[in-house]
Amino acid sequence: AASEVASYVRVNTQRYLPIFKRSADTNKKVGWNWASFFFTYVWLFFRKCYREGLVAILFTLLATVMQTPWLASFYAYMQANGLTVEALMAQTAEATQHATALLTSIPPFAWLMYLLGSLVILLVSVIFGLYGDYFYRKRVSTRLTQIKEDERFADKASAIAAAGGCNVFSAAAIMYAMNLASNLILTFFLG
């Protein structure tokens with residue numbers, strides 16, 4: 001029932017109720033969700049789609065590892081030439097020469113890995129942008145069915161309300177954890 005879905009979703013129901021109904025009526029899986037596109041794993045954890053969030057995280061971390069050869073070459077050039085990013089960004093002839101030398105000093109394999117890593121990140125964002133609402137609808141539907149079938153919950157409406165909503169803490173925690181993980185990966189590979 002729509003009232004149960006609204007009770008579970010709680011935040012932004014005016015957006016999700018029509019999308020869920022249309023998706024269920026037409027069996028349509030593809031749509032578009034800007035929040036899921038831009039903030040993929042954060043949005044998934046916020047909406048309690050933890051399994052899908054972990055998949056997005058794994059691919060994001062894989063992409064980070066793929067991009068480290070390029071970053072290693074970048075930092076090696078910067079250190080060898082005593083440069084800072086600010087000096088490289090200056091509007092001077094010397095900065096232009098360094099930027100050109102830097103870009104040509106990075107090996108083709110590092111460029112390939114950087115571009116493939118960027119492509120992985122883009123694909124993850126697009127896939128979850130397209131299917132985010134579908135994954136969320138599946139999560140809501142699964143949880144509602146579990147609660148309705150669980151005899152431990154005498155008051156189903158209260159159980160649905162308690163299980164639903166959004167998890168701001170997990171979204172914030174996963175942002176912090178991913179920042180930490182990315183920094184650890186970069187530290188490990190870049191020294």
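## A walk through the pocket and the helices

By class, six nonpolar, two polar and four charged residues make up the lining of the largest pocket. That is our starting point in this predicted model. The pocket has a volume of about 190 Å³, and the elements that each give two or more residues to its lining are helix 1 (2–9), helix 2 (13–26) and helix 8 (108–149). Helix 8 provides the largest share, with six residues.

How do the axes of helix 5 and helix 8 cross? Helix 5 covers residues 50–80, and the two axes come within 7 Å and cross at roughly 160°. Angles over 145 degrees count as roughly antiparallel, so helix 5 is roughly antiparallel to helix 8. The contact of helix 5 with helix 8 has 17 nonpolar residues, along with four polar and one charged. As for its handedness, the crossing of these helices is left-handed.

Our last stop is Thr187, which lies in helix 10 (residues 168–190). Along the chain, Thr187 and Thr68 are 119 residues apart, yet their C-alpha atoms are separated by 9.9 Å.

Terms used: Residues are numbered from 1 along each chain as its sequence is written. This is a predicted model: local features need pLDDT of at least 70, side-chain atom pairs count only at pLDDT 80 or more; totals for chains, interfaces and linings use all residues. Side-chain values use heavy atoms; hydrogens and water are left out. On a 1 Å grid over the protein atoms alone, a cavity is a set of points where a 1.4 Å probe fits but cannot get out, and a pocket is an open set with protein on both sides within 12 Å along at least five of seven lines; lining residues have an atom within 4 Å of a point. Grid points are joined across faces, edges and corners, and a volume is the space filled by probe spheres set on the points. Helices (H or I, at least four residues) and strands (E, at least two) are DSSP runs, numbered from the N terminus. Ala, Val, Leu, Ile, Met, Phe, Trp, Tyr, Cys and Pro count as nonpolar, Asp, Glu, Lys and Arg as charged, and the others, Gly among them, as polar. Axes are lines fitted to C-alpha atoms, for helices over the stretch in contact, and angles run from 0 to 180 degrees between N-to-C directions. Angles under 35 degrees count as roughly parallel, over 145 as roughly antiparallel, 65 to 115 as roughly perpendicular and the rest as oblique. A crossing is left-handed if the near helix is turned anticlockwise from the far one by less than a right angle, and right-handed if clockwise.
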